[in-house]
Amino acid sequence: SFQTLLAANADTSMHSVISWTPNASALIFTGLDGNRNTQIYIVNSAGQNLRPLTNGSDQKSDPLWSPDGIHITYSRAMPPTGYHDIFICNSEGGDQRNITATPNDSERYPHWSPEGKRLRFTANEPPNATLRLADTTTKAITTLAGEVYGRGLWD
């Protein structure tokens, strides 16, 4: 067995989620930029071509590839409250869209549905946490369950 250093800037304070592309050619993760701001990074599986997909000083976390490898979802702290919204972008970091845009709720831990058209996520913290579902096209949000204590998974 062997090990390859993929990146030295992983944000261990965020318990960085690492997500493979569906074809295992690259990974995305949460890392720190030169100003110690949290960004979403991409690096190929050989540890080459490390680059940020996001910028700015707001905190990003929970990155995850869509099942088809075309999009990435993540949560991002929004000013002025610092509450998180769920975003998606394309695999190059472009076309970043706020899917939830809820100023009074903090959404985290997005997971793609198996067909890649919806996102399941947790809003707020226990004991008031809810499990919600968002359509990535219409941005319609449905509450699935209240008073949840976990992140919930599709499978």
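Q: Which residue takes a positive phi in the hairpin of E5 and E6?
A: Gly69 does, with a phi near 75°. The hairpin has five residues between its strands. Please note that this is a predicted model, in which local features need pLDDT of at least 70 and side-chain atom pairs count only at pLDDT 80 or more, while totals for chains, interfaces and linings use all residues. Residues are numbered from 1 along each chain as its sequence is written, and side-chain values use heavy atoms, with hydrogens and water left out.

Q: In what sense do E5 and E6 pair, and over how many bridges?
A: E5 and strand E6 (residues 71-77) pair in the antiparallel sense, over four bridges. Strands here are DSSP runs (E, at least two residues), numbered from the N terminus, and two strands pair if DSSP finds at least two bridges between them.

Q: Is E5 mostly covered or uncovered?
A: Strand E5 (residues 60-65) is mostly covered, with six of its six residues buried. Buried means under 20% relative accessible area, with a 1.4 Å probe and protein chains only.

Q: Which sheet does E5 belong to, and where in the order does it stand?
A: E5 belongs to an open sheet of four strands in the order E5-E6-E7-E8, with antiparallel pairing. E5 and strand E8 (97-98) stand at the edges with a single partner strand each, so one side of each is left without a neighbour in the sheet.

Q: Changing topic: where is Thr136?
A: Thr136 is in the loop between strand E11 (130-135) and strand E12 (141-146).

Q: Buried or exposed?
A: Thr136 is buried, because its relative accessible area is 9%.

Q: Which residues does Thr136 touch?
A: Leaving aside residues up to four places away in sequence, Thr136 touches Ile88, Arg97, Ile99, Trp112, Gly116, Lys117, Arg118 and Leu119. A contact means heavy atoms within 4.5 Å.

Q: What lies 3.0 Å from a polar atom of the Thr136 side chain?
A: The backbone oxygen of Lys117 does.

Q: Finally, how many helices and strands are there in the protein?
A: The protein has zero helices and 12 strands; helices would be DSSP runs of H or I with at least four residues.

Q: And what share of the residues is buried?
A: Of the 155 residues, 44% count as buried.

Key: Buried means under 20% relative accessible area, exposed over 50%, partly exposed in between (1.4 Å probe, protein chains only). A polar contact is a pair of N or O atoms within 3.5 Å; within protein, one must be able to donate a hydrogen and the other to accept it, and residues adjacent in sequence count only if both atoms are side-chain atoms.
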